[in-house]
Amino acid sequence: MRCKATGVITVELPTTRGIGKTDKDWERREYVMKVEDIDRKPLKFSMISYDGPILDPPVVGDRITIGFSIEASENKGRWFNDIKAYNVQRRGSEEG
């Protein structure tokens, strides 16, 4: 499922880093944003790079539009949803 949302980043969660099977660095950043078109409800999403650090990542206060996919995965009989941003466009900041 592919979707879009526009909002303001309110929280940046801790970054996760590691080395993949091909000896390349990977990085995962997670954020919470208040989405504009659904009563400013929060949405947690992640950005992942399998080829080194994410260049010019968004920061708290940025107004952005993300294209994202919703994926489900199972672990030990429990199911989880993951919202992965594949396109992030800055729209300014909350102050501007």
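**Aromatic pairing, core and strand contacts**

A single aromatic pair is counted, where rings of Phe, Tyr and Trp (its six-membered ring) pair if their centres lie within 6.5 Å, with planes under 30 degrees apart counted as stacked, over 60 as edge-to-face and the rest as tilted. Tyr31 and Phe45 form this pair, which is stacked, at 5.5 Å centre to centre and 25° between the planes. Because Tyr31 belongs to strand β3 and Phe45 to strand β4, the pair ties together parts that are 14 residues apart in sequence. Helices (H or I, at least four residues) and strands (E, at least two) are DSSP runs, numbered from the N terminus. Tyr31 is buried at 0% relative accessibility, and Phe45 is buried with a relative accessible area of 1%; buried means under 20% relative accessible area, exposed over 50% and partly exposed in between (1.4 Å probe, protein chains only).

The model is predicted: local features need pLDDT of at least 70 and side-chain atom pairs count only at pLDDT 80 or more, whereas totals for chains, interfaces and linings use all residues. Residues are numbered from 1 along each chain as its sequence is written, and side-chain values use heavy atoms, with hydrogens and water left out.

Beyond residues up to four places away in sequence, Ile66 contacts (heavy atoms within 4.5 Å) Cys3, Lys4, Ala5, Met33, Leu43, Phe45, Ala85, Asn87 and Val88.

Strand β2 (residues 16–19) pairs with β3 in the antiparallel sense over four bridges, pairing requiring at least two DSSP bridges between the strands. Ile19 has Asp25 of β3 as its bridge partner. Five residues separate the strands of this hairpin, in which Asp23 takes a positive phi near 65°.

Strand β4 also contains Ser46 and Ser49. A polar atom of the Ser49 side chain lies 3.3 Å from the backbone nitrogen of Asp51, and one lies 2.7 Å from the backbone oxygen of Gly52.

Definitions and conventions. A polar contact is a pair of N or O atoms within 3.5 Å; within protein, one must be able to donate a hydrogen and the other to accept it, and residues adjacent in sequence count only if both atoms are side-chain atoms.
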